[in-house]
Amino acid sequence: EPEWTECFVPNGERKQITLSDGSVVWLNSGSLLVYAAKFEGNKRAIYLNGEASFNVAKDPEKPFIVKVNEDIEIKVLKTSHMDVEALGTVFNVEAYSDSELTVATLEEGKVRVSTDLTADKPIILHPDEQVVYNSLLRTVSKEVVDAGKIMQWKHGYLTFQGASFDYIVKTIERRFDVTINYETGKFAGRSFTMKFRPDEGLNQVLDILKEMVNGLNYRIKDNVIYIN
């Protein structure tokens, strides 16, 4: 059995680590990565709950596989609902356990994405393409995106492209380590495209959100934000 290592990044933080094969991983807020201290055998498998960007060291003899689980157990590694396999490439995987969406986005190279819905027919991604798996609706879709923009979170940007209000709220909670209370139904069914710079703090982000979302007001008490 390999020696497993855990790397957890708390809300409000980001972290970069280098794996034993030289692959570089950027972990976003609220993310957990489980990986072998040293890769052995004929593949390099790691486990992710959260969001991470990967710059994979090339090794054609050992495919690099990111396994996404709703719950990571080191002693009993459960069957993942998405595997992203690469030989040498740059890609992003977003798979938070509190979200029904699991998203794999490719910036450079080529990856093969397998899900429990497409096990017999893996999806091949080319640059600026992504796979979106919806565990609630049980659907898988392939879309064309600007991968460079999506991966700007590594540099502190918050970028949303056609994102739901729920998704934006959860991202803000993780980024600033706060709790946001709001009426889910009030802003449902709407999508938003917006971008925040690394130097914009919580209040600035909320003020811009207030300008862009009709009918939104907020107040802050301690570490809790109330939106109505």
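**Ground rules.** I am reading a predicted model, where local features need pLDDT of at least 70, side-chain atom pairs count only at pLDDT 80 or more, and totals for chains, interfaces and linings use all residues. Residues are numbered from 1 along each chain as its sequence is written, and side-chain values use heavy atoms, without hydrogens and water.

**Overall build.** I looked up the secondary structure and found 3 helices and 18 strands (DSSP runs numbered from the N terminus: helices are H or I, at least four residues; strands are E, at least two). The C-alpha atoms fill a box of roughly 55 × 35 × 30 Å along the principal axes.

**Helix pair.** I turned to α2 (residues 165–176) and α3 (residues 202–212), whose axes come within 11 Å and cross at roughly 170°. Axes here are lines fitted to C-alpha atoms over the stretch in contact, with angles from 0 to 180 degrees between N-to-C directions. The two helices are therefore roughly antiparallel (over 145 degrees).

Which residues of α2 and α3 meet? I listed Phe 165, Ile 168, Ile 172 and Phe 176 from α2, against Leu 202, Val 205 and Leu 209 from α3. Contact means heavy atoms within 4.5 Å. I sorted these contact residues into 7 nonpolar, no polar and no charged (nonpolar: Ala, Val, Leu, Ile, Met, Phe, Trp, Tyr, Cys and Pro; charged: Asp, Glu, Lys and Arg; polar: the others, Gly among them).

Terms used:
Parallel < 35°, antiparallel > 145°, perpendicular 65-115°, else oblique.
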